[in-house]
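Subject: Structure handover and what was found in it

Dear colleague,

Here is the structure I promised to pass on to you. Please open it beside this message, and read the notes below with the model in view.

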Amino acid sequence: MGKIIVAGIGPGSKEDITPAVLEAVRQADAIVGYKYYFQFIEAYVKEGCECIDTGMKKERERAEQAFLLAEQGKTVVVISSGDAGLYGMAPLIYEMKQERVSDIEIITLPGISAFQKAASLLGAPIGHDVCIISLSDLMTPWEVIERRIKAAAEGDFVTAVYNPKSHGRYWQLYRLQELFLNGRSADTPVGYVRQAGREEQEVRITTLADFDPEDVDMFTVILIGNSQSYVADGKIITPRGYYREKADGGTKIGQEIMMESFRTIAGELHGKDYPLGHKWALLHAIHTTADFDMENILYTDPKAVETLYNKVKDGTLKTIVTDVTMVTSGIRKGALQRLGIEAKCYLSDPRVSEMVNENITRTQAGIRLAVEEHPDALFAFGNAPTALMELCDLIRKGKARPAGIIAAPVGFVHVRESKHMVKPFKDIPKIIVEGRKGGSNLAATLCNAILTFDDAEQLKPGRDL
């Protein structure tokens, strides 16, 4: 009695066909498959081998033909693109064996799948848990497919998308993008490869927000990264673990916890398309307070975080002045040392006592001293609205020209007004916690967000813990 070998011939290049499959093709008495695939194996078919090719959507007919030939005592190879077990002929052959109550021996030979080939061309996007979803609803109800898409997005799987689009199916990929954007960052890397391994091959990398479904067709495989995926040197990289290892042996436990917290916060934000600088500041603010109202009350000037970070990097911002010592204490010492920044509070300066009277508070006096010595500092306020108001007055008098202002005083008297006073200074980058909320911890964490902005794209906080 004959046998059936179900063989995956890879994504479409002769170099990607495994030796085992090539040997099976050489020994076959008959080969059955979709006619388009024969071009990849014709050089290896032995003389006299019976080749039976059919068009698309003839899978059941091909399976029946394979059994008829095997029952005649022939060794039959049924070819599938990619891996025969993945949206290929293997499941149908095994099902038909049960239907026919057949004794024909079935052998399955694995092949390189299209998503694996695409992944190799994109870099290393499938370094962690992966799921594969076909958007074809010919044999699976769309309700089931959509449920699986939601689960993949929520589960933070790297996701490979097969059958993304055809002439009759144009909207499904748009729906998948919409569902993923509900739970993933807009900056999530997306790579897609058309005709992987073939002469017409095209490889592209973009983000979840910028991905255009019109750029793909039925010959395209799409790979969507997880929350840890990032792009470096034009390649997508998904780390093997959620907590990326450092050269010195690994991240500290505190950083691991902080990274997990940031991922959790990012997944629960109502808005998904925040500019990176604002989002980085927002994640820090919520992480420090566990208050998602920050999404409504944290204000940042356009590119305020980016601008202030660049001033740190180019050396024009060398000093952070705070209104109270609690803010200074909360700014990470490791970041200050790494970047050569000094954080100062003048509240305990002996000169402050000499300046205090019935018309000026200690924090106001501290700001006056600070402006005399560091008029171009980044000023961070987490406690005293009077100190923030003092700075505003000194700016208007031309005595202060801050690199930036973090306005997060807390309380009930003059707090809102002090924050309103800051906004008219259009040429000064500002981060403001609107309303009554604020605090030294918030002012400090917003400083930390600026100092670590280069970690924002990879969502990797806490390196200086």
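A cavity, as the word is used here, is a set of grid points where a 1.4 Å probe fits but cannot get out, and its lining residues are those with an atom within 4 Å of a point. Please keep in mind throughout that this is a predicted model.

The largest cavity, with a volume of about 40 Å³, is lined by Val161, Leu173, Leu176, Gln177, Val190, Leu208, Phe211, Ile222 and Ile224. Helix H6 (172-181) and E11 are the elements that give two or more residues to this lining, and H6 gives the most, with three residues. By class, the lining of the largest cavity has eight nonpolar residues, one polar residue and no charged residues.

The largest pocket contains about 1,700 Å³ of space, and 45 residues line it, with Tyr37, Met56, Glu59, Tyr87 and Asn163 lying nearest its centre. The elements that give two or more residues to its lining are helix H2 (59-70), E4, H3, strand E7 (130-134), helix H5 (142-154) and strand E11 (220-224). Divided by class, the lining of the largest pocket has 23 nonpolar, 13 polar and nine charged residues.

Most residues other than glycine have a negative phi. Tyr87 is located in the loop between strand E4 (75-80) and helix H3 (90-100), and with a relative accessible area of 47% Tyr87 is partly exposed. His414, for its part, has a positive phi near 65 degrees and is likewise a residue other than glycine; His414 sits in the loop between strand E18 (404-407) and helix H16 (415-422), and at 41% relative accessibility His414 counts as partly exposed.

The second largest pocket has a volume of about 700 Å³ and is lined by 35 residues, of which Arg184, Ser185, Thr188, Ser227 and Leu459 lie nearest its centre. At least two lining residues each come from H5, strand E10 (202-207), strand E12 (230-232), helix H7 (253-268) and helix H8 (276-289), and H7 gives the most, with five residues. The lining of the second largest pocket divides into 14 nonpolar, twelve polar and nine charged residues.

His287 is placed in helix H8 and, at 31% relative accessibility, counts as partly exposed. Leaving aside residues up to four places away in sequence, His287 touches Met258, Ser261, Phe262 and Ile265. His287 and Ser227 are 60 residues apart in sequence, and their C-alpha atoms are 17 Å apart in space.

In soluble globular proteins, nonpolar side chains tend to be buried together. The largest nonpolar core here has 48 residues, and those with the most contacts inside it are Ile320, Ile406 and Leu451. The largest share of this core, eight residues, comes from H17. Not counting residues up to four places away in sequence, Ile406 touches Leu378, Phe379, Ala380, Phe381, Ile431, Ala443, Leu446, Cys447 and Ile450. A second, separate core has 26 residues, among them Val352, Ile360, Ile428 and Ile432.

Cysteines

How many disulfides does the model contain? With the rule that the two sulfur atoms must lie within 2.5 Å, the count comes to zero disulfides. Cys51 is in no disulfide, the nearest cysteine sulfur, that of Cys49, being 4.4 Å away, and Cys51 is partly exposed, with a relative accessible area of 39%.

With best wishes

Key: Residues numbered from 1 in each chain as written. Predicted model: local features only at pLDDT ≥ 70, side-chain atom pairs only at ≥ 80, totals over all residues. Heavy atoms only, no water. Helix = DSSP H or I, 4+ residues; strand = E, 2+ residues; numbered from the N terminus. Buried < 20%, exposed > 50% of the residue type's maximum accessible area, 1.4 Å probe, protein only. 1 Å grid on protein atoms, 1.4 Å probe; cavity = no way out; pocket = protein on both sides within 12 Å on 5 of 7 lines; lining within 4 Å. Points joined across faces, edges and corners; volume = space filled by probe spheres on them. Nonpolar A, V, L, I, M, F, W, Y, C, P; charged D, E, K, R; others polar. Core = buried A, V, L, I, M, F, W, Y, C linked by side-chain atoms within 4.5 Å. Contact = heavy atoms within 4.5 Å.
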